[in-house]
Amino acid sequence: MTIAWKGEELAAAIEAFAPDAVIQHNDTDVWVSPASLLDVAAGLRDRPEFRFDLLSSISAVDYIGHYELVYHLTSLPRNMKAVVKVRCGEGRSDPEVPSVTAVWRGADLQEREAWDLMGIRFPGHPNHKRIMLWEGFPGHPLRKDFVTYSQSVIEPEQAHTE
Amino acid sequence: MDVFLDNSLFRNIYCNLASASENCAARGYENALLPDGLQWLAFTLTGVAIIALIVNGVLTGVLGFIWFERRTLARMQNRVGPNRWGPFGMLTPVADAIKTMFKEDISPSDADRFLYNLAPILMVVPLLVVFAVIPFGIGTFVADINVGILFILAVTTMSGLAIVMGAWSSGNRISIFSGLRAVALLISYEIPMALSILGVIMLSGSLALGKIVEAQNVPFILVQPMGFLVFFLASLAEMNRTPFDLTEAESELAAGYLNDYSSMKFGLFFLAEFMAALAGAAVITTLFLSGWRGWEPVPSHFWFFIKMGGVLFLIVWIRSTWPRLRIDQMLAFAWKGLFELTLVNLVLAAILIAIWPEPTTLQLWIMAAINWPVFFAALWLVAKVMGVKPHRVERPARASLYPVAVDEPAPAGEVSER
Amino acid sequence: MSRAAPRQDNLHADMTLKTEPITINIGPQHPSTHGVFRMRVTFDGEVVVDVEPVFGYLHRGSEKLAEERTYTQIVTLTDRMDYVASMTNNQSYILSVEKLAGIEPSPRGVWLRMIAAELQRIASHLVAIGFLIQDLGAWGTPLIYAMREREKILDLFEMLCGARITNSYLRPGGVFMDAPDEFWPALDALLDELPARIDELDDLLTNNEIIVARTVNVAVIDPATMVNASITGPMLRAGGVDWDLRHRDPYDYYERVKFDRPLHTASDNNARYWVRLQEMRESIKIVYQCIEQIEPGPVRPAEVPFLVRPPVGDAYGIVEAPKGELGFYLVSDGGISPYRCHVRAPSLINLTLLREMLVGGMVADMFVSFGSIDINMGEVDR
C-alpha cells in the first residue's frame with residue numbers, strides 16, 4: 001500500500017535540506033516557493049528518505065488571484081507519494097516557475113501542456129512551445145478569464161427568443 | 001508464314017478467314033470467309049484478334065483473381081468478404097473498375113508529367129507481354145520463341161523501372177522511399193531468380209517454354225525443390241507481395257509509389273499488381289508444375305488453370321498470414337539465404353546432368369530422390385546460419401530490475417514466469 | 001546517426017557520393033499513426049535521424065468542458081478520452097470524485113466496476129496487440145482475430161449499460177444499474193472461451209519467426225530512464241519494473257484478489273507485446289475472483305445524490321489503466337461542477353521518450369515501436 005506523506009512531516013523534511021523553501025503546509029500538501037523549486041525537486045528525487053523518482057502529474061490551476069502548480073510525486077523504491085504545490089503569478093501577473101525537466105524528464109510534455117492551456121512559463125524548458133494548440137492561438141483557454149466562443153457570440157436564434 | 005502457322009491459335013483464326021491461301025489449303029482448311037487476295041487483311045485481323053484475346057483474357061483473369069483474393073482473405077479472417085454485386089459478389093471488381101475510371105484524374109503540380117504518365121503504362125505492358133510466350137494448353141500460345149524464359153526475365157525487370165519512374169516523377173518524398181526500395185529489391189532478387197531457373201534449363205535442355213513443358217515427364221517441382229522454393233520466393237519479391245511488399249508497405253509508406261496517383265493511372269498500377277501475381281503463377285506453373293500436362297480426357301487448358309489457381313491460392317494464403325520483413329532483413333535473406341540455396345542447387349543439378357545427360361523418366365525420379373534430402377539439409381543449414389531462433393526471446397524477469405517498494409513484503413501474487 | 005565524412009584527400013572529390021537527410025511529415029493522415037498523430041521525421045536513407053511529435057489534432061478541450069458540467073455529466077467526457085478503454089477512464093474519474101466528496105461506494109457497485117475494468121483491459125490489450133501486428137505488415141488476420149474477441153466483450157458491455165464504446169457506466173458510489181440476469185451466463189461463456197483464444201494468439205504470434213526478427217531488440221529503453229520520464233503501464237513492466245498500481249496501491253477491492261505480475265527484462269517491442277498478452281490472462285483470473293466474491297445489494301448507495309456537491313478541496317485519483325497510470329486531479333469550489341479538472345493522460349506522457357525509441361531505427365521499425373507504446377489519440381490530445 002502506498003504511503004502518503006503527511007503535509008506536516010514533508011514540510012519538516014524539506015526544511016531539513018532546503019531552508020526557507022516551504023511557505024505553508026496543510027494535512028496533505030506542501031507549498032514551496034518557486035525560487036527554491038529546483039533544489040527541492042532535486043532533493044526529493046535523490047535523498048534516500050524520499051527517492052521520488054516518478055513525477056506522476058503536473059496540474060495547473062487558476063485561482064483567479066494567483067496560479068498554482070500541483071506536483072504529484074511517487075516513489076517507486078519506497079512506495080510513497082506526496083503532493084507539492086507551487087504558487088505563482090500573484091495578482092495575475094506573468095506566472096513563471098522554473099522547469100523541472102532537468103530533474104524529471106516526465107515533466108517535458110506536461111509543462112508544455114501547462115504553458116499552452118494555462119499560460120505558465122517554464123524557464124529552462126528545452127522545447128518551450130505550445131503543444132495542443134497552434135502557435136499564435138489567442139490566449140490560454142484554461143484560464144478563468146478566457147472568453148470562449150459560445151460566451152462571446154450570441155446566436156441569432158437565441159437573440160430572437162430572448 | 002510457316003512460322004506463324006505452326007502456332008495453332010494463329011492458324012485457327014487465320015486459316016478460317018483466308019483458307020484459300022496455299023499454306024492453309026495444304027493444312028486441310030476450307031470454307032474461306034474472305035476472298036482470295038485479302039490475305040493481308042486476314043493477317044492483320046488475326047493479329048488484332050489475338051491481342052484482343054490476350055488483353056481481355058488477362059483483364060478478366062485479373063478481375064477474377066481480385067475477387068478470389070478478397071473472398072479467400074475474408075474467409076481466412078472470419079469475414080464474409082464482398083458479397084453484394086452479382087453471385088457471391090463476383091461483380092464487385094467490375095464495379096470497382098467502373099468507379100476507378102470515373103474518379104477525377106489528378107496530377108501533382110510538382111510532377112514530372114511525361115514520366116508520371118508513362119510509368120503506369122510501362123508497368124502494365126511488360127506484364128501483358130509475358131502472357132504472349134506462355135503455353136496455356138497444347139498448341140495454345142501466341143509466340144513460342146526459343147528464348148522464352150530469358151524473354152520473361154528481361155521483360156519483368158521493367159516493372160522495377162516503372163515503380164522508380166512513378167515514385168520519382170510524382171515528387172513525393174514518401175514515394176521516393178518506395179522507389180529506392182524497389183531498386184534494392186530488383187537488384188537483389190533478380191540474381192537468385194535467374195540462377196534458380198538454370199536447373200530447369202539444364203534438365204530440359206532448352207530455353208523455350210514449350211520444350212520445358214514437354215521435358216517434364218516428372219514435374220520439376222519434384223526434381224528441383226530448391227529451384228522451386230527460390231524461384232517462388234524471388235517471384236513473390238518481384239511481384240511485391242507479402243512478406244516482401246516493401247515498395248507498397250501500407251503501414252509504413254501509406255501506399256508507396258501509388259501515393260499521388262489517382263483515377264485510371266492508379267487503376268493501371270493496381271491492375272499490374274494483380275497481373276504480376278497471375279503472370280508469376282503462370283510462369284511457376286510452366287516451369288515447375290509441368291504446365292498444361294495432365295490426364296486425358298480433361299483438356300490441357302483445364303490442367304493449366306487448375307495448377308495456376310493452386311499457386312495463386314498459395315500466394316493469397318501467405319499474404320493473409322505473414323507479416324512484412326524489414327528492408328535490411330529482406331536483402332540479407334536474398335543474399336545470404338536464397339543465393340546460397342541456388343548455388344547448391346546449381347552444382348547438384350550440374351553433377352546430375354553430367355551423369356545422366358538426357359534423363360529418362362526413371363532417371364528423373366532418381367534425381368528427385370537425391371535432390372530432396374540435399375534440399376532439406378541445405379535448408380536446415382541456411383536456417384541454422386541466418387534464422388532467428390524463437391528462443392532468443394529472453395526469459396522474463398522474476399524480480400524487478402528497478403528497486404520497487406524495497407521496505408515492504410512482496411504483495412500477493414507471484415511474478416509470473418514462463 | 002553518424003555518416004562517413006567526405007574524404008578530403010580524395011583526388012576525385014567530385015565523385016564522392018553526396019547524401020543529405022530528408023524531412024518528412026508522417027501524419028496526421030497516415031494508416032499507422034493510430035489516429036491523427038503527426039511526426040516530423042528526418043531520415044538519412046532508411047534510418048531515422050530525428051523525430052519531433054506534433055500534437056493537438058484531436059484536441060477538444062475536455063478539461064475546459066468539464067468546468068461547465070456537473071460531476072455526473074463529466075463521465076460522458078471521460079468516455080471520449082481513451083475511447084478504446086472507457087471503463088477504466090470512468091473508474092479513474094469516479095475514484096477522484098469519491099475521494100473529493102468522501103463517498104463510500106457500495107460493495108456490489110465496486111465489484112461490478114472491477115469486472116468491467118478488467119474486461120476493458122482485455123479489450124484494450126487485444127486492440128493493442130492486433131494493431132501492433134498490423135503495423136508489422138500482417139494484412140489484417142491477427143487484427144481481426146483480436147477484434148473478434150473484443151466484439152464479445154463489447155457485447156457484454158452492451159448488456160451492462162446499453163453502450164459498447166462510450167459506456168458511461170460508472171457513477172459516484174458505484175455503477176448506474178445492476179447487471180441484467182442474462183449477463184452472468186454470457187460472462188461465464190466468454191471466460192470459458194477467452195483463455196483458448198488468447199492461447200491461439202500466443203501460438204500464432206509469439207514464436208512467429210518474422211515477428212521475432214522484427215521486434216526483438218528494437219527500441220530498447222533503460223528502466224531507470226523510463227521511470228524518470230514518468231512512463232507507466234505495460235511499457236514499464238516490459239522493462240522489468242515491478243510497478244503495478246493494482247498491487248502497490250490497491251484501489252477499489254484489488255487487495256482482495258490475487259493475480260500474477262508479468263514482467264519482462266528485454267524492454268523491447270517484443271517484451272511490450274508479451275507483457276500485454278500475459279496481462280490479459282491475469283485479468284481473466286481477476287474477473288473469476290470478482291464473480292466469486294460479488295454479493296447482492298444496491299449498486300450505488302441510496303444517499304448519494306445525483307447532483308454531487310463535494311466540499312471545497314482537491315483530490316487526485318489514479319488507476320492502472322490499460323495504457324498506464326490514468327489520473328484525474330479535481331478541484332472543487334463547493335459547486336455542482338468542478339473548479340478544475342486535470343487529466344494525467346498515460347498516452348501523452350508515455351510519448352516522452354518517443355525520440356529515444358525511434359532515432360537510429362529504420363523506417364519500418366519506427367511504426368512498430370510507435371505502435372508498441374499503445375497510445376490513443378483521444379487521450380493524447382483530449
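Me: Two strands pair if DSSP finds at least two bridges between them; how many bridges join E7(C) to E8(C)?

Reply: Residues are numbered from 1 along each chain as its sequence is written, while chains are lettered from A and ligands numbered from 1 in the order in which they are written. Strands (E, at least two residues) and helices (H or I, at least four) are DSSP runs, numbered from the N terminus. E7(C) and E8(C) run antiparallel, and the number of bridges joining them is nine.

Me: Which strands stand at the edges of this sheet in chain C?

Reply: The open sheet holds three strands in the order E7-E8-E9 of chain C, with antiparallel pairing. Each edge strand has a single partner strand, so one side of it is left without a neighbour in the sheet; these strands of chain C are E7 (313-321) and E9 (340-344).

Me: Helix H3 of chain C packs on the sheet; what angle does its direction make with that of E7(C)?

Reply: Within the sheet, neighbouring strands are turned by 15° against each other on average, direction ignored. H3(C), residues 86-101, touches E7 and E8 of chain C. Axes are lines fitted to C-alpha atoms, for helices over the stretch in contact, and angles run from 0 to 180 degrees between N-to-C directions. On that basis the direction of H3(C) makes with that of E7(C) an angle of about 150°.

Me: How many of the 16 residues of H3(C) are buried?

Reply: A residue counts as buried if 20 or more other C-beta atoms, placed from the backbone, lie within 10 Å of its own. H3(C) is largely enclosed by the rest of the structure, because its buried residues number 15 of the 16.

Me: Where in chain C does pLDDT stay under 50?

Reply: Chain C averages a pLDDT of 86, and 95% of its residues score at least 70. Where pLDDT is low, the predicted coordinates should not be read in detail. For the stretch of chain C under 50, the model has nine contacts (C-beta atoms, placed from the backbone, within 7 Å) beyond four places in sequence, and that stretch is residues 1-11.

Me: Which element supplies the largest share of the side of chain A that touches chain C?

Reply: Here 24 residues of chain A are in contact with 28 residues of chain C. Strand E4 (54-62), strand E5 (67-75) and helix H3 (107-118) of chain A each supply at least two residues of that side. The largest share, six residues, comes from E4(A).

Me: How many charged residues has the side of chain B that touches chain C?

Reply: The contact takes 44 residues from chain B and 51 from chain C. Elements of chain B that each supply at least two residues include helix H9 (173-204) and helix H16 (327-355). Ala, Val, Leu, Ile, Met, Phe, Trp, Tyr, Cys and Pro count as nonpolar, Asp, Glu, Lys and Arg as charged, and the others, Gly among them, as polar. By these classes the side of chain B has 22 nonpolar and 11 polar residues, and its charged residues number 11.

Me: What share of the 418 residues in chain B is buried?

Reply: Chain B has 17 helices and one strand. Of its 418 residues, the buried share is 43%.

Definitions and conventions. Predicted model: local features only at pLDDT ≥ 70, side-chain atom pairs only at ≥ 80, totals over all residues. Buried ≥ 20, exposed ≤ 12 C-beta atoms within 10 Å, placed from the backbone. Contact = placed C-beta atoms within 7 Å. pLDDT = per-residue confidence, 0-100. Pairing = 2+ DSSP bridges.
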